[in-house]
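Here are a few notes to read alongside the model. Have it open and follow the points in order.

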Amino acid sequence: MLDLKYIRSNPEKVQEGLSKRNKDISIAPILELDERRRKLLAEVESLKALQNQKSKEVPKLKKEGKDVTDLMNELKELSDKIKELDSKVKEVEDEIEKILLTIPNIPHESVPVGKDDTENVEVRRWGEVREPDFEIKPHWEIGVNLGILDFERASKVSGSRFTFYRGLGARLERALINFMLDLHIEKHGYTELFPPFLVARKSMIGTGQLPKFEEDAFKTTDDYFLIPTAEVPVTNYHREEILKEEDLPIKYVAYSACFRAEAGAAGKDTRGLIRQHQFNKVELVKFAKPEDSYDELEKLTADAEDVLKELGLPYRVVLLCSGDLGFSSAKTYDIEVWMPSYGRYVEISSCSNFESYQARRANIRFRRKDGKLDYVHTLNGSGLAVGRTLAAVLENFQQKDGTVVVPEVLRKYMGTDVIK
């Protein structure tokens, strides 16, 4: 969440930043509640000072043999009034926190101002887009024809937007997961975590999924949530902790299944593997010092790009404009892979710097060498979304005879160089 002190000291700057998101967000209610809270606190402190002063008179009067009944009654009234005001302060503070949890992060100054994804800025492209001399098929047709994807039976078992991977399809999914993990661990220096797929409400609040996106989450009857991404458990791994400056940056990579209701996505990319209710992902998460976090964002994005380079898949990197920026993010690069059947690039990773926004919600700090405590900056990105990567492999490496060439870096995992 945003820092209340920063909002109080820089109201115009905060309001200007939020207005760039092209949403009707006002910090006026926060400022009004904060002013009320400060007045209540001043009144409480004044009454406590009076209470302390009068309490000192009791033993003195008793020593002099005087009646203290009226004074004790007055102290009781003061105590009751203080308790009443403390209760009001708590109510106001709870209301402030409730509103703060619904206010998004402020875009970084380098984020272009724009209304939606049509105003995102392309940063770079990599790889040659193939122009085959045969009719391109979409990945769902390729997968069904090869007998490696079964959407029909998955629909029977679970409903729409689920998939059975069969035979070499299942092996290709595993190959991609293992390849990504090995690359990020061995080449990029991340430490692997294997997280829980169920998390408590507090963890979802910590990374910003709640309360804003509760309708997109799968919730159990006992108030646990299936994770929408490994970002949630891995970021909360250090919740309520004080890290050491010399240990930063901390870099984790984690495979997980991911679960999303996709409540607002009906009719958009819902065919095939692009927008599923359950999918696999390899996630990159970093904890960094504030002064280093934007350098770490560039490195994290490059690490995710490296997966596509190793696979030989054409892609582009796009800087999101303010109107398309995620709720908790201060700056995001989307990596988009070329999908021949779509005739366009499709998002396969979002790499974001959340600055201290998540760290404040989850209370993740670090102690500097001079002893000062500060909030870490958190970053994450898909490295990569596995199902979408598999779809891109099928489409970009399909052959005229219906087979699919396996990228060279996956062959040791697959045990074959062609999917027939």
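1. Start with the area buried between domain 1 and domain 2: about 580 Å², with carbon and sulfur atoms giving 45% of that. Buried area here is the accessible area (1.4 Å probe) that two parts lose on being put together, summed over both. On the domain 1 side, Lys-20, Arg-21 and Leu-101 supply 86% of what that domain buries against domain 2, more than any other three residues.

2. A word on the ground rules. This is a predicted model, where local features need pLDDT of at least 70 and side-chain atom pairs count only at pLDDT 80 or more, while totals for chains, interfaces and linings use all residues. Residues are numbered from 1 along each chain as its sequence is written, and side-chain values use heavy atoms, with hydrogens and water left out.

3. Where are the domains? Domain 1 covers 4–101 and domain 2 covers 117–419, with bounds that come from an automatic or database domain assignment. Their C-alpha centres lie 45 Å apart. Five residues from domain 1 and 10 residues from domain 2 make the contact, meaning heavy atoms within 4.5 Å.

4. How many salt bridges are there between domain 1 and domain 2? The count is zero, taking a salt bridge as a side-chain nitrogen of Lys or Arg within 4 Å of a carboxyl oxygen of Asp or Glu.

5. Now for some rings: the structure holds 10 aromatic pairs. One of them is Trp-126 with Tyr-315, stacked at 5.7 Å centre to centre with 20 degrees between the planes. For the cut-offs, rings of Phe, Tyr and Trp (its six-membered ring) pair if their centres lie within 6.5 Å; planes under 30 degrees apart count as stacked, over 60 as edge-to-face and the rest as tilted.
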